[in-house]
Amino acid sequence: NPTPSEQEVMQRTYLRFLKEFEGEPNRARQVLSIGESRRDVSISVPQHAAMTMIASILLNLDGLICKE
């Protein structure tokens with residue numbers, strides 16, 4: 001489980017991505033255009049793109065930890 005400080009870092013990172021994608025909706029759509037699955041339309045495009053970036057960070061981190 002993540003520590004409170006790790007959760008805080010992820011929350012801040014999510015909010016930073018969200019602000020970025022709210023200001024650049026075309027970039028958010030570009031992030032979500034990659035892959036085979038359809039996007040969840042119940043989530044706003046900027047929120048979905050920000051969550052996608054957080055998921056990518058966590059998956060890459062897991063890969064790094066597993067290599068060590």
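Student: Is Leu58 buried, exposed or in between, and what is its relative accessible area?

Tutor: Buried means under 20% relative accessible area, exposed over 50%, and partly exposed in between (1.4 Å probe, protein chains only). Leu58 has a relative accessible area of 42%, so it is partly exposed. This is a predicted model, in which local features need pLDDT of at least 70, side-chain atom pairs count only at pLDDT 80 or more, and totals for chains, interfaces and linings use all residues. Residues are numbered from 1 along each chain as its sequence is written, and side-chain values use heavy atoms, with hydrogens and water left out.

Student: Where does Leu58 lie?

Tutor: Helices (H or I, at least four residues) and strands (E, at least two) are DSSP runs, numbered from the N terminus. Leu58 belongs to helix 3, residues 45-67. The chain has three helices and zero strands, in the pattern α-α-α along the sequence.

Student: Which residues of helix 1 are buried?

Tutor: In general, an α-helix has 3.6 residues a turn, so residues three or four places apart point the same way. In helix 1, the buried residues are Thr13, Tyr14, Phe17, Leu18 and Phe21. Seen down the helix axis, they fall within an arc of 140° (taken from the directions from the axis to the C-beta atoms), so they line one face of helix 1. The face turned away from that buried side carries the exposed residues Pro4, Arg16, Lys19, Glu22 and Gly23.

Student: What share of the chain is buried?

Tutor: Of the 68 residues in the chain, 19% are buried.
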